[in-house]
Amino acid sequence: MRRADRLIKMVNFLRSRRRAVTASRIADEFGICTRTVYRDIQDLMDAGTPISGEAGVGYVINPDYYLPPITFDQDELEALTLGISMVRQWTDDRFAEKALNALEKIQTALPSQIRSELEQVTTYALPSDNRPPWTVSFSDVRECIRKQQKIQIEYSDGERQFSERVIRPLALMFFSPVWILAAWCEKREDFRHFRMDRIHNMQVLEQGFDDDDDKGLSAYLIREEECYRHRG
């Protein structure tokens, strides 16, 4: 790894930690010796990076510090553009526009010699007639997840049996070509999965919910992990 790339990754590594990180932990992460860590940290501090700490105690970085993307290798660019392409083809127009805006910002931030590599990307997500149609807004569902607002839905199961549910929307998951909404269902008093194409009506309720109880996303992910281990 080039030293310039390592310094960028080291800054991002520190930004992802809320507590002080020791030099030995950083050395293990990047496969270098602690002496190199001390030198790298000092060079970053001399360059104005807001890192504080000392040898033997650990280092922290100001969480508000922003490091713009300076460089990407070809595979990283490929992964980014493929993800953006999938968003544009497999979500809705509102989210697709956001994905296109993100791509334009990335292009603007890239050095000119790297920007040309975007033209050499060879992986794409294409439109498909297999995508089931939705009657509710994908972006509205995302917003309710983000704002932690309950919603009332009319839902049909695989046998076209309709029911009304009040749910806590927790996450959207893509199982091509279907999007699944993971939620806490108040009718069943348990976590449930709802296919987006089977939600026929949706009403946003004024009631909010918290994520730090046994009905939130964290509890859902823990249970899904346990179920996965048992299946394995």
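A: Start with burial. A residue counts as buried when its relative accessible area is under 20%, as exposed when it is over 50%, and as partly exposed in between. Keep in mind that this is a predicted model.

Q: Is K150 buried or exposed by that cut-off?
A: The relative accessible area of K150 is 9%, so K150 is buried. K150 belongs to strand β3, which covers residues 149–156.

Q: Which side chain does the side chain of K150 meet in a polar contact?
A: For a polar contact, look for a pair of N or O atoms within 3.5 Å. Here the partner is the side chain of E186, at 2.6 Å.

Q: Where is D197, and is D197 buried or exposed?
A: D197 sits in the loop between β6 and β7 (199–208). With a relative accessible area of 19%, which is under 20%, D197 counts as buried. Its side chain makes a polar contact with the side chain of R195, at 2.8 Å. Apart from residues up to four places away in sequence, D197 touches P132, P133, W134 and V178.

Q: How far apart are F191 and Y220, in sequence and in space?
A: Compare the two separations. F191 and Y220 are 29 residues apart in sequence, and their C-alpha atoms are 7.0 Å apart in space. F191 is in strand β6 (residues 190–195), and its relative accessibility of 7% makes F191 buried. Not counting residues up to four places away in sequence, F191 touches L170, A183, W184, D214, K215, G216, A219, Y220 and R223.

Q: What should I look for in the backbone?
A: Most residues other than glycine have a negative phi, and most peptide bonds are trans. The cases below depart from that.

Q: Which residues are joined by a cis peptide bond?
A: S176 and P177 are joined by one, with omega about 5°. P177 is in the loop between β4 (162–175) and β5 (178–185).

Q: What is the phi of Q148, and what is the phi of R160?
A: Q148 has a positive phi, near 55°, and is not a glycine. R160 is not a glycine either, and its phi is positive at about 65°. Q148 is in the loop between α7 (138–147) and β3, while R160 is in the loop between β3 and β4. Q148 is partly exposed at 28% relative accessibility, whereas R160 is exposed at 54%.

Q: How is a pocket described, and what lines the second largest pocket?
A: Take its volume, then its lining. The second largest pocket holds about 220 Å³ of space. Its lining consists of T81, I84, S85, R88, Q89, L103, Q107, L118, V121, T123 and Y124. The elements giving two or more residues to that lining are α4 (74–90) and α5 (93–109), and α4 gives the most, with five residues. By class, the lining has five nonpolar, five polar and one charged residues.

Q: How many helices and strands are there, and how spread out is the protein?
A: The protein has eight helices and seven strands. Its radius of gyration is 23 Å, well over the 17 Å that the globule rule gives for 232 residues, so the protein is more spread out than a compact globule. Along the principal axes, the C-alpha atoms fill a box of roughly 65 × 45 × 40 Å. Buried residues make up 34% of the 232. Of the contacts with a separation of 6 or more, 59% are between residues 24 or more positions apart.

Notes:
Residues numbered from 1 in each chain as written. Predicted model: local features only at pLDDT ≥ 70, side-chain atom pairs only at ≥ 80, totals over all residues. Heavy atoms only, no water. 1 Å grid on protein atoms, 1.4 Å probe; cavity = no way out; pocket = protein on both sides within 12 Å on 5 of 7 lines; lining within 4 Å. Points joined across faces, edges and corners; volume = space filled by probe spheres on them. Helix = DSSP H or I, 4+ residues; strand = E, 2+ residues; numbered from the N terminus. Nonpolar A, V, L, I, M, F, W, Y, C, P; charged D, E, K, R; others polar. Buried < 20%, exposed > 50% of the residue type's maximum accessible area, 1.4 Å probe, protein only. Polar contact = N/O pair within 3.5 Å; in protein donor to acceptor, adjacent residues only side chain to side chain. Contact = heavy atoms within 4.5 Å. Rg over C-alpha atoms; globule rule 2.2 N^0.38 Å.
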